[in-house]
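Have the structure open as you read.

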Amino acid sequence: MKITAEQLTWRVHGSQLLTDVSLSVSPRQTFGLIGPNGSGKTTLLRLLAGLRKPKQGRVLLDDRPMNTMRQRDIAQSVTLVEQQAETTDRIKVRDVVALGRTPFLSALRPWSHQDELIVAQALKDVDMQHMADRFWHTLSGGERQRVHIGRALAQQPKILLLDEPTNHLDIRHQLSILELVRQLPITVIISLHDLNHAMECDRIGVMEGGRLVDTGPPRDVLTPYRLRQTFGVYADIFADPIDGSQVMRFRSAV
Ligand SMILES: Nc1ncnc2c1ncn2[C@@H]1O[C@H](COP(=O)(O)OP(=O)(O)OP(=O)(O)O)[C@@H](O)[C@H]1O
């Protein structure tokens, strides 16, 4: 499914947090959203997920404006994994992941064996099957993060939005989650602080002061100029001698 943002603007208490953001992500593309702290990545992801209504502009899923869609239809297409997602205590890991099936259940479509299989697969994908019966409040930050990603996978969205999903993860789980996300046959928008991880996306977009200031293939966008200008760091960019991919070495803050 394609997702398009047309000239999105968002303001709160008189501060303009997003200005004129336009963006289109094609079906099955992995789009990385990068930018310094406070540049508007989370705000944009919430608008794209339909959790906030833009003050101006609109979001389209394929060619359907989101504001004309029912909440349940949106939830069957798009899901957002937030940075500090919380959930009620005394709930087990398996039940958190099972929440991902909620938009598909109704009196006419009760919980089924199929849902059971989807939840089991999602637990496996995020390497949490061995903790399925643990209570949520006993988990570490990284384990919680993986359960939330599992909940999103169980929703089988056509568009997956991830807000810094690797934040609390150890290096093995960072790499396995990013690899999993890239392999999913769906559209993904992922905000990332690790710019070397962003290099693995099909395209990236750079947020700065609430504006999307550049988009394109990572190699074209992540130049020493951009790293200095937007991220405030001096960096050198090398070709990895093993696979030729581009690697950044950050030298110092500007
Ligand atoms: N409810 C609010 N009221 C006032 N300002 C807000 C509100 N929500 C967010 N902001 C401000 O909007 C700006 C953008 O925030 P946002 O969380 O979208 O940035 P971000 O790029 O995701 O940052 P980070 O990398 O630190 O997670 C920040 O300066 C933040 O302080």
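Strand E3 (residues 30-34) and E8 run parallel and are joined by four bridges; strands pair if DSSP finds at least two bridges between them. Helices (H or I, at least four residues) and strands (E, at least two) are DSSP runs, numbered from the N terminus. This is a predicted model, where local features need pLDDT of at least 70 and side-chain atom pairs count only at pLDDT 80 or more, while totals for chains, interfaces and linings use all residues. Residues are numbered from 1 along each chain as its sequence is written.

**Around strand E8**
- Opposite Phe31 you will find Ile189 in E8.
- Strand E7 (residues 159-163) also runs parallel to E8, through five bridges, and Ile159 has Thr187 of E8 as its bridge partner.
- Between E7 and E8 the chain passes through helix H6 (residues 171-183), in a β-α-β crossover that is right-handed (with the strands pointing away from the viewer, the path from the first strand over the helix to the second runs clockwise).

**Burial of E8**
- Five of the five residues of E8 (residues 187-191) are buried, so the strand is largely enclosed by the rest of the structure; buried means 20 or more other C-beta atoms within 10 Å of a residue's own, with C-beta atoms placed from the backbone.
- Thr187, Ile189 and Ser191 cover one side and Val188 and Ile190 the other, all of them buried.

**Ligand shell**
- The ligand is surrounded by 13 residues, with Asn37, Gly38, Lys41, Thr42 and Thr43 the closest (C-beta atom, placed from the backbone, within 6 Å).
- Helix H1 (41-48) and strand E2 (15-25) each supply at least two shell residues, and H1 gives the most, with three.

Note on methods
Buried ≥ 20, exposed ≤ 12 C-beta atoms within 10 Å, placed from the backbone.
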